[in-house]
Amino acid sequence: MKLQNLAIMGMLFGGSLFTSCAQKSPYNNSDFEIKAIQVTHETDLGVTIWELAVNGHAGATVPKAVGQLDGAPVLGYVFPTSLQPTDVGFNATAGIVALALTSHPDFDDTPLWDENSDTVFDNDGVIWHPHWVVLTEDKRVAGGLSVKQFKKADETVVLPPTNPGMPMYMDSPGYPVLTKNEIIKVVVPDYRINNRINFTYDGVTAFMKVNTSVDDMPMLGVYEVFSIASGDLSLPYIVK
């Protein structure tokens, strides 16, 4: 699996990820310009704290609603990792496991969680929240990546019980996401990542879009990459 992930990365290095300009969004600003990234392990608490700092104000820019699911914009602060899909509750499958902090006002994909604390569980998609996803190379979209899909009838697929019920390798784990000034952070319990604290990671900010109408396009694809912490998506950072 690790060799497969490295092969995917290799294809992205020289591929469309760094030339993703065919369908630019209006959201490419300093709120998505990465200046620092880190994951730290707090042994006493049994958690890792994932932090991404930008030149602007983290989380201040959110997508403008389009009023429907098809074509709905999604913004993300994303941590691609060397974790395996089985570490976060999926079955073994090829791809890059990433923790994505997202905002999207047109839909809510965290049915178990009430992020804005108004006792309504399906109206807070715009609030920054986490997803585990498996990313794969996808040349159909300008950003070169999409969330891996599967057929609903595929009985080999395993998803965590907190998944939102979509035919993609996606989970809605409900970890707390905090934004303050230039930093967005999320706290992940050790047991939710198979007690793995020796993984490597990177940071990416991106514009994504939902598709429910065109069969030969991904359901959730990356259309523009704003910033990459390492510059080359090589996952060079280690947990401190």
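1. Start with a charge over a ring. In this predicted model, the charged end of lysine 209 sits over the ring of tyrosine 223. It lies 4.9 Å from the ring's centre.

2. Next, the aromatic pairs. The structure holds 12 of them. Take phenylalanine 32 and tyrosine 77: their ring centres are 5.0 Å apart and their planes meet at 25 degrees, so this pair is stacked. Phenylalanine 32 lies in the loop between α1 (2-13) and β1, and tyrosine 77 lies in strand β3, so the pair ties together parts 45 residues apart in sequence. Are these two residues buried or exposed? Phenylalanine 32 is buried, at 0% relative accessibility. Tyrosine 77 is buried too, also at 0%.

3. Look also for an aromatic cluster. Trp50, Phe79, Trp132, Tyr175, Phe199, Tyr201 and Tyr237 form one.

4. Now the cores. The largest nonpolar core has 37 residues. Trp50, Tyr77 and Trp132 have the most contacts inside it. Several strands give two or more residues to this core, among them β1 (34-42), β2 (47-54), β3 (73-80) and β12 (220-228). A second, separate core has 22 residues, including Val78, Ile96, Met168 and Met170. As background, nonpolar side chains in soluble globular proteins tend to be buried together.

5. How many salt bridges does the structure hold? There are three. One joins lysine 185 to glutamate 51, with the closest N and O atoms 3.6 Å apart. This pair links distant parts of the chain: lysine 185 is in strand β9, glutamate 51 is in strand β2, and they are 134 residues apart. Lysine 185 counts as partly exposed because its relative accessibility is 26%, whereas glutamate 51 is buried, with a relative accessible area of 14%. The cut-off for buried is under 20%.

6. Another salt bridge joins the side chains of arginine 196 and aspartate 87, at 2.7 Å from N to O. Here, too, distant parts of the chain are linked. Arginine 196 is in the loop between β9 and β10 (200-201), aspartate 87 is in the loop between β3 and β4, and 109 residues separate them. Arginine 196 has 21% relative accessibility, so it counts as partly exposed. Aspartate 87 is buried, with a relative accessible area of 8%.

7. Arginine 140 and aspartate 138 also meet in a salt bridge, through side chains 2.7 Å apart, N to O. Which one is buried? Aspartate 138 is, at 5% relative accessibility. Arginine 140 has 41% and counts as partly exposed.

Notes:
Residues numbered from 1 in each chain as written. Predicted model: local features only at pLDDT ≥ 70, side-chain atom pairs only at ≥ 80, totals over all residues. Heavy atoms only, no water. Core = buried A, V, L, I, M, F, W, Y, C linked by side-chain atoms within 4.5 Å. Buried < 20%, exposed > 50% of the residue type's maximum accessible area, 1.4 Å probe, protein only. Helix = DSSP H or I, 4+ residues; strand = E, 2+ residues; numbered from the N terminus. Salt bridge = Lys/Arg side-chain N within 4 Å of Asp/Glu carboxyl O. Phe/Tyr/Trp six-rings, centres within 6.5 Å; stacked < 30°, edge-to-face > 60°. Lys NZ or Arg CZ within 6 Å of the ring centre and 35° of its normal.
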